Amino acid sequence: ELASHLMWVWRATGSPINRTYDHSGPLAEPLTAPYVFHDSTIRAVAPPMTSHNLPHVGAVLRSHDMSGKGSYLFLKAGRVHSHHDDDEGSFHYYGRGVPLALDGLPLANGATAQQHNAVTFAKPGQPTAVVECFRSTKAADYVRARVAPRGFCSDPMYVDGTHRSGWERQLVLVKADRPGGVEYLVVKDTTCGPDACQWNMDVLSRRPAPAKSGRVWFPGHPDRGFGMGLEAIVLEPFAARIEFEKGWGNEALLSARGRRELAKGKGGSGIHLMWTVTEHWLMHIPAPAGSTFVVVLFPRRADEMAPVVRYLEREETIEVAHIEGRDIIFLRPTEIVETSIGG
């Protein structure tokens, strides 16, 4: 069953065959090639595409199965990893069928902590997270993970053993009742400890527009398979200082000759030069110790109306009005506090 699911994944991603530096694929080094894809007759069977809590790994939030128009989020929150890149608590996010916020582009080993979709601190290193709560419903998925200071540590995570800072991440993936409908992500990150912190996100997009009143418009890319922008609405910290940094990209993509060379598997002397990483921009929000970050990530096309967002700080509640309706989002770990909104 697992082999049939893996065969489907390989087929669905274009059946890639590479002789790569980490010895994977049918054209890999001779000693490993016989053990990879050794039976091409394995039937490809699509696995069930639903939301899942993955113990010791994190969680997957998903909408609308195989429509190609749904949303997808993978949260890394657990001790299972082949390497540690200061990326605990980070996520990959596809909104309404389009890759928007992909973690740690260009996915190179050794990326800095600030290149990941995570909260970072003045001191290097991240503890391992644990998922404390996971819920999946037709209307929305919710996950809460705690990146606890000094919790579940392994050697690469802390360098001096003096860290006392951590954070809690809450994510709500709001789902439409039909494929292609309005869907978005709400993020609330609560930090603790004595170290200054920073909220980071990497968006697959052309240059973002200057931030206005805490709102940032990433226009996305016009190419086939994209056509969707991302509006980041920062509710906390109030009047946050928002910084931008252009991410690394392969310059070969900028010329017809370079694109032909990449198509032939030629990208120069370094393996990273072969990667077809297009333009992407990093967004940073530096803040003092103990800060809370509340951000609405709203995918929309340029011709669609921007959402109207109201934040009730005292009730830890967000009201989002958009072209298909109005949602009320509660972002707090307790269910016993009552809320009153307009009676």
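Just after helix 1, G14 takes a positive phi of about 95°. Helix 1 itself covers residues 2–12, and its buried residues are S4, H5, M7 and W10. Here, buried means under 20% relative accessible area, exposed means over 50%, and partly exposed lies in between (1.4 Å probe, protein chains only). Helices (H or I, at least four residues) and strands (E, at least two) are DSSP runs, numbered from the N terminus.

This is a predicted model, in which local features need pLDDT of at least 70 and side-chain atom pairs count only at pLDDT 80 or more, while totals for chains, interfaces and linings use all residues. Residues are numbered from 1 along each chain as its sequence is written, and side-chain values use heavy atoms, with hydrogens and water left out.

### The chain as a whole

The protein chain has two helices and 19 strands. Of its 343 residues, 45% count as buried. Contact means heavy atoms within 4.5 Å. Among the contacts in the protein chain with a separation of 6 or more, 62% come from residues 24 or more positions apart.

How confident is the predictor? The average pLDDT, which is the predictor's confidence in each residue from 0 to 100, is 84 for the protein chain, and 82% of the residues score at least 70. Over residues 152–157, pLDDT stays under 50, and the model has 13 contacts for them beyond four places in sequence. Residues 268–273 also have a pLDDT below 50, with nine contacts in the model beyond near neighbours in sequence. Where pLDDT is low, the predicted coordinates should not be read in detail.

### Strand 11 and its partners

Now to strand 11 (residues 197–203). Seven of its seven residues are buried. Both faces are covered, with C197, W199, M201 and V203 on one side and Q198, N200 and D202 on the other.

Two strands pair if DSSP finds at least two bridges between them.

| Strands | Sense | Bridges |
|---|---|---|
| Strand 6 (residues 119–121) and strand 11 | antiparallel | three bridges |
| Strand 11 (residues 197–203) and strand 15 | antiparallel | seven bridges |
| Strand 14 and strand 15 | antiparallel | four bridges |

T120 stands opposite Q198 in strand 11. In strand 15, M283 faces M201, and H284 is the bridge partner of N200.

What does the side chain of N200 reach? It comes to the backbone oxygen of A118 at 2.9 Å, and it makes a polar contact with the side chain of Q198 (2.8 Å). A polar contact is a pair of N or O atoms within 3.5 Å; within protein, one must be able to donate a hydrogen and the other to accept it, and residues adjacent in sequence count only if both atoms are side-chain atoms. N200 counts as buried because its relative accessibility is 0%. Not counting residues up to four places away in sequence, N200 touches Q114, H116, N117, A118, V119, T120, M283 and H284.

Y184 lies in strand 10 (residues 184–192). With a relative accessibility of 0%, Y184 counts as buried. The side chain of Y184 makes a polar contact with the side chain of D327 (2.6 Å). Beyond four places in sequence, the residues that Y184 touches include Y93, V172, V296, F298, H322 and I329. The C-alpha atoms of Y184 and R96 are separated by 8.2 Å, although these residues are 88 apart along the chain.

### Aromatic rings

Rings of Phe, Tyr and Trp (its six-membered ring) pair if their centres lie within 6.5 Å; planes under 30 degrees apart count as stacked, over 60 as edge-to-face and the rest as tilted. A search of the whole structure finds three aromatic pairs. In one, the ring centres of F218 and F244 are 6.3 Å apart with their planes at 75°, so the pair is edge-to-face. This pair links distant parts of the chain, with F218 in strand 12 (residues 215–218) and F244 in strand 14 (residues 243–246), 26 residues apart. F218 is buried at 0% relative accessible area, whereas F244 is partly exposed at 30% relative accessibility.

Finally, R300 lies over the face of W217, at 4.2 Å from the ring centre. A charge sits over a ring if NZ of Lys or CZ of Arg is within 6 Å of the ring centre and within 35 degrees of the ring normal.
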